[in-house]
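Hi there,

Here is the structure I promised to send over. Have a look, and my notes follow below.

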Amino acid sequence: MKIIKKTAYLLLVLLCVSFLSFFLANISPIDPAEAYARRISRSAGTELIAQYKKITGFDKTLPEQYWSWIKRAARLDFGVSYITKKDIRTELRKALPATLTVAVCAAVFIIVFSVPLGITAALNNGRFADRFIGFFSFVSFSVPGYFAGLLCLRYFGMHLHWFPVIGHGHIVSVLFAAFVLALPMIGMLTRLLRSFLLENEDKEYIQYAKARGIGSRYIMTRHLLRNAAPVLLTLWGQNIGYLIAGTAITESIFSIPGIGIYALNAAINRDFPVINAYLVLTAFAFVVCNGAAEFLGAALNPLLRNRA
């Protein structure tokens with residue numbers, strides 16, 4: 001029953017996102033067919049614009065356009081790009097591996113950095129290490145991603161020459177892009193883990209362990225961290241959708257040909273079929289990752305099973 005509810009929720013979200021993208025495109029003050037026609041010919045007249053409206057389907061009403069598109073999208077047929085004249089599904093299939101590589105590396109970085117930093121901050125509560133990690137966490141989720149990316153590009157790319165500034169394929173540029181993408185989540189999870197560990201330090205089973213002479217480091221890593229795992233993994237899983245959908249700026253800075261920069265170029269050129277396909281794909285990633293994270297948290301924590 002729960003799986004059926006989650007599937008129905010997924011379908012509802014996808015329908016809402018697809019309809020909103022169509023609605024917002026049609027209330028735009030710029031006629032998509034006119035913009036497309038003037039891209040082909042700057043002196044496009046009324047007849048040429050009307051011809052392109054018929055070709056692109058913008059001469060139909062909004063419900064007719066939406067129904068025609070949703071029937072094809074259900075078969076994963078998102079049409080052809082107005083700009084490149086290529087099949088969108090094929091283009092997305094080519095761009096998706098680069099985005100997934102960056103997103104997976106970013107997800108690994110979140111765990112690798114946030115867990116040790118959170119434990120270190122909790123073990124050194126009120127000391128210099130705790131204050132320094134708190135400052136780093138604050139800066140990490142306060143600094144805009146594009147600014148952090150440009151700093152890495154300027155210093156590590158142009159000054160130290162660790163990776164090429166222009167072009168794609170260098171593993172170091174992918175790792176830096178993943179780190180910049182993961183930086184806000186590292187700061188957030190670090191603070192959350194520190195707060196959770198310190199709040200539960202006064203629980204009875206922790207006091208009993210201390211009375212037995214068990215060291216604070218062992219208690220922190222073996223008992224408190226184990227209890228924090230369901231919450232951390234749930235938040236971590238929910239942010240994977242953000243990592244997949246939030247790669248546009250990072251990919252453009254580090255010249256990574258993923259779906260983010262593909263959608264960004266489509267938005268600049270008003271390529272509405274590509275924009276609609278990208279919005280549906282990212283909405284799907286969000287809902288699936290959130291659902292998977294919720295089920296994972298329920299599996300690890302019996303108290304959450306009735307809420308999943």
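Accessible areas here come from the Shrake-Rupley method with a 1.4 Å probe, and for residues only the protein chains shown count as cover. On that basis, the accessible surface of the protein comes to about 17300 Å², with 66% of it belonging to carbon and sulfur atoms.

Some housekeeping: this is a predicted model, so local features need pLDDT of at least 70 and side-chain atom pairs count only at pLDDT 80 or more, while totals for chains, interfaces and linings use all residues. Residues are numbered from 1 along each chain as its sequence is written, and side-chain values use heavy atoms, with hydrogens and water left out.

The protein has 13 helices and zero strands (DSSP runs numbered from the N terminus: H or I of at least four residues for helices, E of at least two for strands). Of its 308 residues, 40% count as buried, meaning under 20% relative accessible area with a 1.4 Å probe, protein chains only.

Now the inside. A nonpolar core is a set of buried Ala, Val, Leu, Ile, Met, Phe, Trp, Tyr and Cys residues joined through side-chain atoms within 4.5 Å. The largest one has 42 residues, and Val102, Ile119 and Leu197 are among those with the most contacts inside it. α5 (88-123), α7 (145-159), α8 (171-199), α9 (204-211) and α10 (216-245) each supply at least two of its residues; the largest share, 14 residues, comes from α8.

Leaving aside neighbours within four places in sequence, Leu197 is in contact (heavy atoms within 4.5 Å) with Gly118, Ile119, Ala122, Met220, Leu224 and Leu225. A second, separate core of 22 residues includes Ala263, Tyr278, Val280 and Val287.

Best wishes

Methods
Buried means under 20% relative accessible area, exposed over 50%, partly exposed in between (1.4 Å probe, protein chains only).
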